[in-house]
Amino acid sequence: MNFPVHNTKIPAVRSAGDSRQGTFQGTLSVARQSQSHGLLSQVRRVAVLALACVAFSAFAQVKPWQSMGRDATPAEVKAWDIDVRPDFKGLPKGAGSVDRGAAVWEAQCTSCHGIFGESNEVFTPIIGGTTADDIKTGRVRGLLEGKSIAPQRTTVMKVATLSTLWDYINRAMPWNAPKSLSADEVFAVTAYLLNLADIVPADFTLSDKNIAEVQQRMPNRNGMVFYEPLWRTEGKGDVKNVACMKNCEVNETIHSSLPDFARDAHGNIAEQNRIIGPVRGADTMQPPPKGPVGSVALVKSVVVVAAATGGSADVKGLLSANACLACHGMKSKIVGPGFNEVVAKHKGRPDLEVYLLSKIKGGGVGVFGNMPMPAQPQLSDVDAKTMARWIAAGAL
Amino acid sequence: MREVIGRVLPAPENFLSADKLENARKARRRFMGAALAMGAGVVTSAGAVSKALAADGEDAILKLPEHTTGLGQSVATDGYGKPSKWEANLQRRQSPGLTRVNQASVSFTPLQGLFGMLTPSGLHFERHHQGWWDIDPSNHRLMINGLVKRQRVFTMDDLMRLPSVSRIHFIECGANTATEWGNVAVPTVQYTHGMVSCSEFTGVLLSTLLEMCGADKKLGKYILAEGADGSSMTRTIAMDRAMDDCIVAWGMNGEMLRPENGYPLRLVVPGVQGVSWVKYLRRIEVGDQKYATKDEAVHYMDLMPDGLHRQFTSVQECKSVITTPSGGQTLLDMGYYNVTGLAWSGRGPIKRVDVSTDGGRNWRIARIDGTVLPKAMTRFNIDWVWDGKPAILQSRAIDSTGYVQPQINQLRALRGTRSVYHQNAIQSWLLSENGEVSNVQVY
């Protein structure tokens, strides 16, 4: 690179395409040396011009990666471009009645959302908390402080855009078989929910033709504001604090603290901290120490290998892959009983593994309530046996 | 035999007698009372205070352990190394009662035990909307469609051949610290602030892909990002954001993304709440309107006192928290502590962090020794000597825009108490005389 300036061939710089980088550095050294050698300013101008040419060619003709990828076929775009916007761009043609929606709902949605979409068992309620007056005004009064008529904020209290409901049911429901509903079924289920919220009558059929009219009856359609300062990452937000440093005004009241009964609500914090260093986790299985620091000996810190959600890795994978965990918690009822409840109920049963195998493969109803468990024909005998054996052994 | 080498004297063995050591320790712990002074001066609080010296010294030194006298394990015993078994207490954990369905849930990063600015990949917080997957990367595709000259499809091979960048950014769930909008609800920093992590992400700039496809940047004011999982999560992002620093990423902390974090492809939207960092990214659509997706029209909106929802709030404003000492921890003793914590802002780099140990009456400027990057975690430290009296510890971050992290009452004055999202208030930890630290609200 360290060649004399007077030997520099400007044309070599211009044909920069092949070895851009080398030429680029050459040009830089030209610029530097032209200063140190005190050459004519003209030479410098040429060098700068050459730099500009390099920059331009790098921008215009380069990007040699432009051809990566390939064009999407129309069928591919159709298969994936499923979003529906608030102006209903993207909504397929179709129609579904409230009645048909009720049938789909009962078969596929009730177990999580309840018969009337009001259940708070698995997910927060969809329906409730809106009034005929809200439908008129487009503002849900129950969103005002102290005015709610529902135990908590439901989906229909919040959502302003009907497209959102349609889009989400279509893309993500039912819970364990997303995207399995036909467009007509999505219209039907949406119609059923709208009827539950008294937005449409019981004999209504929702379709791509009338959905924009129904949008005009959404109870919270006027309930949204767009606040740009918190949408953009540039600029400033709404809350202003000042960084006072000395004798700042503070109210020394402790306005809120964790109630004593919640001391162990998150388990033993001693087992959630490192066993070395300047601090330990507090032993929250014991009441707080009474004396000053150091007056009570800390229990020896222990390492606890957390059983995250329980179960051996193999079985957990099977349970997950076969969507068992959508309905059965390790230690809690979801739709069906928790595995711990199954263990407790059948403890000591001599034919337990065989019994469980038949229930896992064939489904059942009535042992833990009226929610039926569907048969699982997709399960291989080996996998079903692994699960049965694992539950029979205590589901740990 | 003691030679003087230059001006340095080699330290003699046992230059303090065991008695002297014991006396010094007793003096330092005079407040510890009778229990300590009893017996042969043996401190029984194993684990907290190092065991007392026997006459000759400490067993940990005098009795050579097996690892000093035996043969250790071979190379590649574990083809992918794991943390020491002694570190098993630091785990991602769920907050009991927060969610009822494990596939639509959250696990929190144990910030109380982390150092520096980076989050170990295995401790990166999780938020899944319909369960996580370990997707076969050879069958994963990214489609770009909508207002573009050419609707394109990319394989992972295509994407990974493109010019890539590696950048460090924090990702924070919009609902991080949500439990504290009202009253104190959870005990530790893991549960108050653990839905934030910071990693180095590697991928291709989204702007590169949008330019390759000929995106209409005039009409196309927005993009929609969509995931390939069951929920097919969707979020609207402004085109100028998309063209700025967003990354279509496959790498995280030098390896591929973990499955829980979107393997093999996720969107990185620096400064913006985590829900926009769509995992298992399968599609980008360029459009001329916002999309009002489920996570823009039912969740991730800020309910204001007048009953209106602020929709499309996205940025994670300047925030900080002291991680040691923090809620649920107990201090070993009075004396010196290096108070340390993390600060971050979705609007740029952190400019300064102040720390108060008297509930916000007086503040000192913390040390920032490590790397300071825009829209990344910044580690701060400050020296403090605890006198054994109750103290309230707070940190307050200021970002490059001059924005000062607010007090909870200032947030509430404008936004009420019913919002779930974007709670970035100053966190207070009460240190009691018994050495325990607890979560409190003071302002």
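Into which domains is chain A divided? Chain A splits into domain 1 (5-62), domain 2 (78-215) and domain 3 (313-392), with bounds that come from an automatic or database domain assignment.

A quick word on ground rules. This is a predicted model, where local features need pLDDT of at least 70 and side-chain atom pairs count only at pLDDT 80 or more, while totals for chains, interfaces and linings use all residues. Residues are numbered from 1 along each chain as its sequence is written, and chains are lettered from A and ligands numbered from 1 in the order in which they are written.

**Chain A in outline**

Chain A has 15 helices and 6 strands. Helices here are DSSP runs (H or I, at least four residues), strands likewise (E, at least two), and both are numbered from the N terminus. Of its 396 residues, 33% are buried; that takes 20 or more other C-beta atoms within 10 Å of a residue's own, whereas 12 or fewer make it exposed and anything in between partly exposed, with C-beta atoms placed from the backbone. Take the contacts (C-beta atoms, placed from the backbone, within 7 Å) between chain A residues at least 6 apart in sequence: 56% of them join residues at least 24 apart.

Back to the domains: the C-alpha centres of domain 2 and domain 3 of chain A are 32 Å apart. Each of the two gives 5 residues to their contact. On the domain 2 side, those are 3 nonpolar, 2 polar and no charged.

**Where A meets B**

The contact between the chains draws 93 residues from chain A and 119 residues from chain B. α9(A) gives the most to chain A's side, with 6 residues. That side as a whole divides into 47 nonpolar, 24 polar and 22 charged residues.

Helix α9 (residues 162-172) of chain A is also mostly covered, with 10 of its 11 residues buried. Among them are A:Leu162, A:Trp166 and A:Ile169. The cover includes α10 (183-196) and α11 (211-215) of chain A, along with α9 (294-297) of chain B.

Strands cross over too. Two strands pair if DSSP finds at least two bridges between them, and here are two pairs that link the chains:

β1(A) belongs to an open sheet of 6 strands with mixed pairing, in the order β1(A)-β4(B)-β3(B)-β12(B)-β7(B)-β8(B). Its edge strands are β1 of chain A and β8 (234-238) of chain B, each pairing on one side only.

**The cores**

A nonpolar core is a set of buried Ala, Val, Leu, Ile, Met, Phe, Trp, Tyr and Cys residues joined through C-beta atoms within 7 Å. The largest has 161 residues, and those touching the most other members are A:Val189, A:Leu193, A:Met387, B:Ile223, B:Val248 and B:Leu267. α10(A) supplies the largest share of this core, 9 residues.

Setting aside neighbours within four places in sequence, B:Leu267 has contacts that include B:Ala225, B:Val248 and B:Trp277. A second, separate core has 5 residues, including A:Val239 and B:Ile408.

Terms used:
Ala, Val, Leu, Ile, Met, Phe, Trp, Tyr, Cys and Pro count as nonpolar, Asp, Glu, Lys and Arg as charged, and the others, Gly among them, as polar.
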